[in-house]
Amino acid sequence: MNTLVDIEEMIARTGLRDRSAFSDLYDATSGKLFGVCLRVLNNRSEAEEVLQEVYIRIWHKADSYAVTGHSPMTWLITVARNLAIDRLRRRTAPTRDIETVFDLADDQPGPEDAAIASSQRAQLNACLGELEPESADAVKRAYLWGDTYKDLAARHGVPLNTMRTWLRRSLQKLRECLTR
Amino acid sequence: MTTTDIPDGDDALAGEYVLHLLDLGEREQFEERLRDEVSLRDLVYQWEAHFAAMSDEIDAVTPPVAVKNAILAKIAPPQKKSPGLRGWLIGLTVAAAIAVLAVGTLLRGPEELTPSFQAEMSTPEGTVFLVAEVIPATHEIVIDRVLGEAPEGRVLQLWLIAEGADAPVSLGLLQPEGETRIRVPDDIAPGVRTGTIAISDEPPGGSPTGQPTGQVLATGTFVDL
């Protein structure tokens, strides 16, 4: 069982080019990050490729982790999501396959499952709850699935500009709530 | 839903950036600003932290072992690209004294001394990971230990099981850490490319029997580079 402190220590030692710490970090966190890549890409081989990029990035950037002030899992998840969405945006044609990601989930919850502080989760959920349900859904779609404004506009059946105005206003509201 | 009252503050803009909703031009502009504006960077970090809470609903999925191996291979310490170069330079230095040797080395040229095939050896759990590269011109195997070490009081020994052979042949012991270079005897060398190499743990000094006596930790086969 790895605690957040353990993971933070692994990142710190990875920053010092400690391969064995990096290997431990991979073992402790790759399940979650692979899950993140699969969610965004919904394609196993692409997710595997991106997962490689993610850990290479982590290897090279571990020393800059502290600058962000993030909790370790937030930082790792952010790296994974950013690279997965970069890959998603580079696709020339949609290649989403039908394979459903949910069937692949591990039965055993990983050590990182409770990695994001529950207070943080509760706060976000409460603030998303203050938005109109469609707005909260749009924010979630954009974050978890990497939806674009175009995707969201189609999903909600509104013009692109309307979608954008609507979402920006939702973000503004969300921000006000989160900093309250 | 109306289109009036468009908020154009940085709060929402940073949120859009973190969600990857900006188009390419907007994204580049934003990143330009990020380089100089600390407060904007803070906004980005805050959004990243808030949004990351959403990932809690994503289940962990164990990736295939091959992914970890590929990553470890990529972060392996850089092999001296032409390991023969050092020898080549030494050759130059001693050229005056040992002209024949120096000429021989010079004639070969560094490009022939680069590895042309490679094998990765790892344990199923990924606790030991080695990369072996072969330089055919010199019959050398260069083994780089990326990860893992011999059990306490043991040494690691490298073996070749030639294609069709019934028993492994010892190629030598690995250095306690870092890179090991082993020159393969000329009669065995041709079988390396198609054979299997393996690492076992053995008592200090190596296997007393000429065959692996300890646990075979990892095996690998070669692919062309």
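The structure is a predicted model, in which local features need pLDDT of at least 70 and side-chain atom pairs count only at pLDDT 80 or more, while totals for chains, interfaces and linings use all residues. Residues are numbered from 1 along each chain as its sequence is written, chains are lettered from A in the order in which they are written, and side-chain values use heavy atoms, with hydrogens and water left out.

Chain B contains six helices and eight strands, where helices (H or I, at least four residues) and strands (E, at least two) are DSSP runs numbered from the N terminus. Along the sequence the elements of chain B follow the order α-α-α-α-α-α-β-β-β-β-β-β-β-β. Of the 225 residues in chain B, 46% count as buried; buried means under 20% relative accessible area, exposed means over 50%, and partly exposed lies in between (1.4 Å probe, protein chains only). The accessible surface of chain B is about 11,200 Å², and carbon and sulfur atoms hold 56% of that surface. Accessible areas come from the Shrake-Rupley method with a 1.4 Å probe, and for residues only the protein chains shown count as cover. Among the contacts in chain B with a separation of 6 or more, 58% join residues 24 or more positions apart, a contact being heavy atoms within 4.5 Å.

The interface draws 65 residues from chain A and 53 residues from chain B. Between them the two chains bury about 5,600 Å², with 62% of this on carbon and sulfur atoms; buried area is the accessible area (1.4 Å probe) that two parts lose on being put together, summed over both. Seven salt bridges are found across the interface, a salt bridge being a side-chain nitrogen of Lys or Arg within 4 Å of a carboxyl oxygen of Asp or Glu. A salt bridge joins the side chains of A:Arg39 and B:Glu57, with an N to O distance of 3.2 Å.

On the side of chain B that touches chain A, at least two residues each come from α1 (10–18), α3 (38–52), α4 (65–74) and β3 (140–147) of chain B. The most is given by α3(B), with nine residues. By class, this side of chain B has 31 nonpolar, eleven polar and eleven charged residues. Here Ala, Val, Leu, Ile, Met, Phe, Trp, Tyr, Cys and Pro count as nonpolar, Asp, Glu, Lys and Arg as charged, and the others, Gly among them, as polar.

Helix α1(B) is mostly covered, with seven of its nine residues buried. The buried residues are B:Ala12, B:Leu13, B:Ala14, B:Gly15, B:Glu16, B:Tyr17 and B:Val18. Their cover includes α5 (72–90), α8 (149–156) and α9 (160–178) of chain A, together with α2 (24–36) and α3 of chain B. Just after α1(B), B:His20 has a positive phi of about 60°. The backbone oxygen of B:His20 lies 2.6 Å from a polar atom of the A:Arg89 side chain.

A:Arg89 lies in helix α5 of chain A and is partly exposed, at 32% relative accessible area. Leaving aside residues up to four places away in sequence, A:Arg89 touches A:Gly146, A:Asp147, A:Thr148, B:Leu19 and B:His20.

A:Arg17, with phi of about 65°, sits in the loop between α1 (4–15) and α2 (19–41) of chain A and is partly exposed at 37% relative accessibility. A:Asn42, with phi near 50°, belongs to the loop between α2 and α3 (44–61) of chain A and counts as buried at 16% relative accessibility.

In chain B, B:Ser200 is part of strand β7 (residues 196–202) and is buried, at 0% relative accessibility. Its side chain makes a polar contact of 2.7 Å with the side chain of B:Trp159. Beyond residues up to four places away in sequence, B:Ser200 touches B:Val155, B:Leu156, B:Gln157, B:Trp159, B:Pro212, B:Gln215, B:Val216 and B:Leu217.

Notes: Polar contact = N/O pair within 3.5 Å; in protein donor to acceptor, adjacent residues only side chain to side chain.
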